Structures are given as structure tokens and as C-alpha cells.
Amino acid sequence: MVAAESITLSTAVARFLRYLEVERNASPLTLKSYREDLSLLLEYIKQTRGTTEISPGTITPKQLRDYIARMHQAGYASTTIARRTASLRSFFRFGQREGWVETNPAKPLRNPRKGRTLPHVLSPEEIVRLLEAPSPTTPLAIRDRAILETMYSAGLRISELVGLCLGDLDLRQGVARVRGKGRRERLAPLGSHAVKALRQYLARRKVHPREPQGDASPVFLNRFGRRLTTRSVARMLEKYLKITGLDRRTTPHSLRHSFATHLLQRGADIRSVQELLGHKSLLTTQIYTHVNPGSLQEAYRRAHPRAR
């Protein structure tokens, strides 16, 4: 255990990030979020106290409330502020464990109220237009069709899609092994259209010699044979939105939202959808029950003994 006065705030942040990476086996995205959040704290402390070479134990709840207030004034979204507040709590809780602070100064902080934003969803007809937009005449278009079909068929996050490796696919069974948030694994179904598109793509796929080979080889590649990035997928989608004239608000995550909404509209139970999405909590999945109140009313009329 390190004495409270013998470590600086910047060193404490570095050790916390190292703890997340080594001991908690946090994902790269989780590490990136914590690093960004705590870098902003360091920047604020430097602005207000002139240096980050201070003990974490000298930071007070009032200072952190002022820090949060500044984010509100700067117009940050409530979800962003809530995440950064949670990062502060985790960091100082770790500091308590290590003996850097006696009490957690972030514990009294209140989370901002979060508005309930309904996800943007495409209709089944719009989904078909989007999935059929890539012309099957060029290798990149064949790849793009496979990407779109896979995202919608399995309800994947964009990070889950680009993280797929050949060993994760079982096209005979029609499933993919997916690594979601918190590195939780799940089996995601691949429909017949997605399997067909993947087979066509994989038959033409050429991986760069310096990329991993065999089962560890990335499924989706750029034009140079390297693993595709999330930004490249977003740019690809933007191209097909222009071609089809579909709503420009559509993002890669909209395909995941549409996947969940369409399943519920066609009678899937919410717990099954929770498992398919890889949600840890059912509360996260319940937002999709608000997307189409008409279908909920119809389900109510069919099932409730006093509805008619």
C-alpha cells in the first residue's frame, strides 16, 4: 500500500489505467474511455491548481462538483457527464483501496438526469433497400453486402463486426461467436441471406501477408487486405445511404436497433432479444418496447383477458 502523500495525481491515473488493463482485462474501448475521462480531469486540475503534481487525497468533493458544473456549462450531453462521473468514482474507489485517499470525493456526486432518446430505426422495406444497394459486380461491393447483411442479421455492434475472425464463423450452423462489451462472448445467429453473402465474400477475400492467418485472420478487410476499421464501415454506410436516399441519420448502430425492433414487432420475447443483443441488463433492452407502441397495443389486445 502506498502512502497517501507519496504519489501524484498523474501517477495515480497511470497506475489506475494499468490496473484496468492488466488486472481487470478491460477492453481497448473501455481503456480509451477511462483514459479520455481522466485526462480531462488532469487538464481541469492543472487549470485550477496550476499542476497535476498533487496528491489525489487533496482533491475535494467541491472541486469535483465544480468540474462537473463546468461540463454542464460547456454543453456536454448528460450521458457523457454521467460516464465521466462514473469514471471518477471508479478511480477514487481504486485510490481508497490503494491508500491514496481516505474517502472517495466522487461518491457524493449526483448523476445528471438522462433524457430517454428513442433509437433511429429503419423499416423492413428500408432495410431491404439498403442491403441490396451494393452491386455484386466488384469485390468491394460483395464485401459491403456481406458487412450489411451480417450486421443486420446478427444485430452486431460495429466494434463486434470488425473484431470478427475466421474462427468465429460457423457458416454451416449459421452462427458467429461475438465478443461484446466487457469481453462477454455470445453466439449470434446468421440468417440464410447473411450466410450466402459471407460465402460469396470469403471466396474472394485476400488477406495481407502480415495479418494473422487461419482462424485468427480478420473476416472483414480493407482494399489492402488489412482488418477493417469502425470508421471505414461508417464511411461505407454513408455511401449507400446517398445511393438509396435513406435517412442520413442512419448509423451502423441503426442496423442493430432495427434488428431488435423488427424481432419484437414479429413476436420475439424481450428476454430472447436481450440475449441476442448481448445486453447485461433487461432495462437496456426495454427501450425497444417504446419504438412501436402500435404493436404493443395489439399484443395487449390479444393477451389480456379484459382487453376487449
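Strand S1 (residues 169–170) pairs with S2 in the antiparallel sense, through 2 bridges. Two strands are taken as paired if DSSP finds at least two bridges between them. Helices (H or I, at least four residues) and strands (E, at least two) are DSSP runs, numbered from the N terminus. The model is predicted: local features need pLDDT of at least 70 and side-chain atom pairs count only at pLDDT 80 or more, whereas totals for chains, interfaces and linings use all residues. Residues are numbered from 1 along each chain as its sequence is written, and side-chain values use heavy atoms, with hydrogens and water left out.

Arg 177 faces Leu 187 in S3, and Val 178 stands opposite Arg 186 in S3. The hairpin of S2 and S3 has 5 residues between the strands, with Gly 182 at a positive phi near 65°. S2 has a covered face, formed by Ala 176 and Val 178, and an uncovered one with Val 175, Arg 177 and Arg 179.

The chain as a whole has 13 helices and 3 strands. Of its 308 residues, 42% are buried; buried denotes under 20% relative accessible area, exposed over 50%, and partly exposed the range in between (1.4 Å probe, protein chains only). The chain exposes about 17600 Å², of which carbon and sulfur atoms supply 50%; accessible areas come from the Shrake-Rupley method with a 1.4 Å probe, and for residues only the protein chains shown count as cover. Among contacts (heavy atoms within 4.5 Å) with a separation of 6 or more, 59% link residues 24 or more positions apart.

A nonpolar core is a set of buried Ala, Val, Leu, Ile, Met, Phe, Trp, Tyr and Cys residues joined through side-chain atoms within 4.5 Å. The largest such core has 38 residues, and the members touching the most others are Leu 130, Ile 147, Leu 148, Leu 161, Leu 190, Phe 220 and Val 233. At least two of its residues come from each of helix H5 (124–131), helix H6 (139–154), helix H7 (158–162), strand S2 (175–179), helix H8 (192–202) and helix H9 (230–244). H6 gives the most to this core, with 7 residues. Apart from this core lies another, of 31 residues, including Tyr 34, Leu 41, Phe 91 and Ala 106. Not counting residues up to four places away in sequence, Ile 147 touches Leu 161, Phe 220, Leu 228, Val 233 and Met 236.

Asp 144 also lies in helix H6 and is buried, with a relative accessible area of 1%. Beyond residues up to four places away in sequence, Asp 144 touches Pro 134, Met 236, Lys 239 and Tyr 240. The C-alpha atoms of Asp 144 and Leu 198 are separated by 10.0 Å, although these residues are 54 residues apart along the chain.

Helix H3 (residues 61–73) has 13 residues and reaches 18 Å from its first C-alpha to its last, close to the expected 18 Å; the expected span is 1.5 Å times one less than the number of residues. Gln 63, Leu 64, Tyr 67, Ile 68 and Met 71 are buried in H3. Seen down the axis of H3, its buried residues fall within an arc of 140°, so they line one face of the helix; the arc is that of the directions from the helix axis to the C-beta atoms. Cover for the buried residues of H3 includes helix H2 (28–49) and helix H4 (78–98). The face of H3 turned away from its buried side carries the exposed residues Lys 62 and Gln 73. Gly 75, with a positive phi near 85°, follows H3.

Helix H10 (residues 252–265) contains His 257, which counts as buried at 15% relative accessibility. Leaving aside its neighbours within four places in sequence, His 257 is in contact with Pro 119, His 120, Val 121 and Tyr 288.
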